[in-house]
Amino acid sequence: MNVQEKMKELFQAWGRISDVSRARALLEWDQETVMPPSGIPHRAQVLATLSGLAHEKLTSPETGEILAFLEERKEELDPLEKAHLREAARAREKAVKIPRDLVERMSRATSLGLEAWKRARERADFSLFLPHLKEILDLKREESRCLGGGGDGKDLYDPLLDDYEPGMTSARLEELFSGLQGPLSALAARVRESGRRVDLSPFQGDLDPEAQLAFGRKVLEAMGFDFRAGRIDRAVHPFCSGHGPGDVRITWRYSRTDIRPALFGLVHEGGHALYEQGLDPALDRTPAGGAASLGVHESQSRLWENLVARSLPFWEGFAPVLEKALPRRKGPADPEALFRAAGEVRPSLIRVEADEVTYNLHILLRFRLERELLSERLSLPDLPAAWNDLSEELLGVRPGNDAEGVLQDIHWAMGALGYFPTYTLGNLYAAHLFEAARRDLPDLEEGFRKRELLPLREWLREKIHRHGSVLPPERLVTEAAGAPPSPEALLAHLENKVSVIYGA
Ligand code: MG
């Protein structure tokens, strides 16, 4: 048998694994959008069965044999085939190294942990969640050790992080964060000392949800969201769910009095959706056919949300459209006023409501604490106080109770340790990529003033979307932007914004 025939076998096997995962994803989408509430236990069973099937196929001796054969004759593969092999081997290695028993214990611990977290959060009482978090942390340490973490001076955090951001290490993150922390804190202080508050009334009023959605759809159309390959539905949490470049679904929610949750949510998820719609159809159902990483995915949503839809040129283009769609807002549809309202900076306790400047400080707080928890430098009973102290140090605000502090996020209850940093990587990559796009497309922002956003989508499609995970994430961003990512572009963007809006 030659390598070409083996490669075909790999694609066949991978196509089936990918189909099972997509069936799962579609049922998850259904659960969040239209499933009746009593369907949960039935659905949990189906999802568990499908997970088991995909895992079985991935870890099967047949798949192992295909990969071993290709590994042996690697020098005969072209660069794209090598990328497929790398991605497939990576997924299989992780699946094989973690014993099924550990997977099942983790699944149980997080199911119970999630329920306990919800109760604890309702009562603002961390002690109700503590025993569950202890078990989850123990299992995550075990998982990390299975994947080569711990011992030999190897960080327990790195294998967990690598799950979400291939190739990223805690040492590299430390470096990126250390470049961010001081300048971000200084920016937040400048805003505070300016004593200025921005007027939010241009986004507020008695706002018909249907009209909010209609306006959001206009923006998505301008972004190049393909409605023949996508749809929008209501859900409790906004998310994007991709089932192949021809079927990408986003969800939205709204407030009746403020258009920002609906609008910026739709643009954010729309950015994720453009990535999924822009994946190369020729790579569909192959190992390197999906997104490069969570950080790169988040960079696409943040870029559209923060660099485009919160910019002055964008509002110069869209202010008249907003005025027509939602005339009953309190404030004027003046581009300057809308730009200022969209750029409000106000340190707050809750991450998901945080502004562009303080958001990354929320992430730094979680990154620090989860590393200390994993390495047992911080003991669990001390966690709520450590959270509150660090919140005061980094953000200048102190939670009044555990619900506003340590219990606010779902991630740890889900066992998602190492996930938070991908949000900041997304912000860094977004600013870095946008700066490169502006260099490559000198008329970019002039186009925004005429609501012409398509050239940006084309640039992103060419530089990022169509490549799938052929290149590792940091290299993909480096090649797209012509330089490795650093905090510089993000900081320059935020400096500029704070100067213009707060005159500080
Ligand atoms: Mg996102």
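Helices here (H or I, at least four residues) and strands (E, at least two) are DSSP runs, numbered from the N terminus. With that in hand, welcome to a predicted model, in which local features need pLDDT of at least 70 and side-chain atom pairs count only at pLDDT 80 or more, while totals for chains, interfaces and linings use all residues. Residues are numbered from 1 along each chain as its sequence is written, and side-chain values use heavy atoms, with hydrogens and water left out. The chain is assigned domain 1 (3-154) and domain 2 (170-502), bounds that come from an automatic or database domain assignment.

**How the two domains meet**

- The centres of domain 1 and domain 2, taken over C-alpha atoms, lie 26 Å apart.
- Contact (heavy atoms within 4.5 Å) links 36 residues of domain 1 with 40 residues of domain 2.
- About 3300 Å² is buried between domain 1 and domain 2, and carbon and sulfur atoms give 68% of that area. Buried area is the accessible area (1.4 Å probe) that two parts lose on being put together, summed over both.
- On the domain 1 side, Arg-22, Trp-29 and Phe-126 lose the most area to domain 2, together 21% of what that side buries.
- Between the two domains, 14 residue pairs are in polar contact, both residues being at pLDDT 80 or more. A polar contact is a pair of N or O atoms within 3.5 Å; within protein, one must be able to donate a hydrogen and the other to accept it, and residues adjacent in sequence count only if both atoms are side-chain atoms.
- On the side of domain 1 that touches domain 2, the elements giving two or more residues are α1 (3-33), α4 (79-97), α5 (100-123) and α6 (130-146). The largest share, 13 residues, comes from α1.
- That side of domain 1 divides into 19 nonpolar, six polar and eleven charged residues. Here Ala, Val, Leu, Ile, Met, Phe, Trp, Tyr, Cys and Pro count as nonpolar, Asp, Glu, Lys and Arg as charged, and the others, Gly among them, as polar.

**Salt bridges**

- Side chains of opposite charge can pair when their charged atoms come close. The rule used here asks for a side-chain nitrogen of Lys or Arg within 4 Å of a carboxyl oxygen of Asp or Glu.
- The whole structure holds 48 salt bridges by this rule, and three are found across the interface of domain 1 and domain 2.
- Arg-141 pairs with Glu-376 in a salt bridge whose closest N and O atoms are 3.8 Å apart.
- Glu-356 and Lys-497 form a salt bridge with closest N and O atoms 2.6 Å apart. Glu-356 lies in the loop between α13 (335-342) and α14 (359-374) and Lys-497 in helix α20, so the pair ties together parts that are 141 residues apart in sequence.
- Both Glu-356 and Lys-497 are buried, a class set at under 20% relative accessible area, with exposed over 50% and partly exposed in between (1.4 Å probe, protein chains only).
- Arg-310 bridges to Glu-305 with closest N and O atoms 2.8 Å apart, and both residues are buried.
- Asp-233 and Arg-231 also form a salt bridge, with closest N and O atoms 2.8 Å apart. Asp-233 is buried at 13% relative accessible area, whereas Arg-231 is partly exposed at 39%.

- Glu-298 sits in helix α11 (residues 294-308) and counts as buried because its relative accessibility is 8%. Leaving aside neighbours within four places in sequence, Glu-298 is in contact with His-268, His-272, Thr-422, Tyr-423 and Gly-426.
- His-297 is in helix α11 too, and is buried at 11% relative accessible area. Not counting residues up to four places away in sequence, His-297 touches His-272, Tyr-275, Glu-276 and Ala-291.
- Glu-495 belongs to helix α20 (residues 488-502) and is partly exposed at 34%. Beyond residues up to four places away in sequence, Glu-495 touches Leu-187 and Arg-190.

**Backbone points to check**

- Most residues other than glycine have a negative phi.
- Ala-124, in the loop between α5 and α6, has a positive phi near 55 degrees. Ala-124 is partly exposed, with a relative accessible area of 26%.
- Glu-376 has a positive phi of about 65 degrees and lies in the loop between α14 and α15 (383-395). Its relative accessibility of 56% makes Glu-376 exposed.
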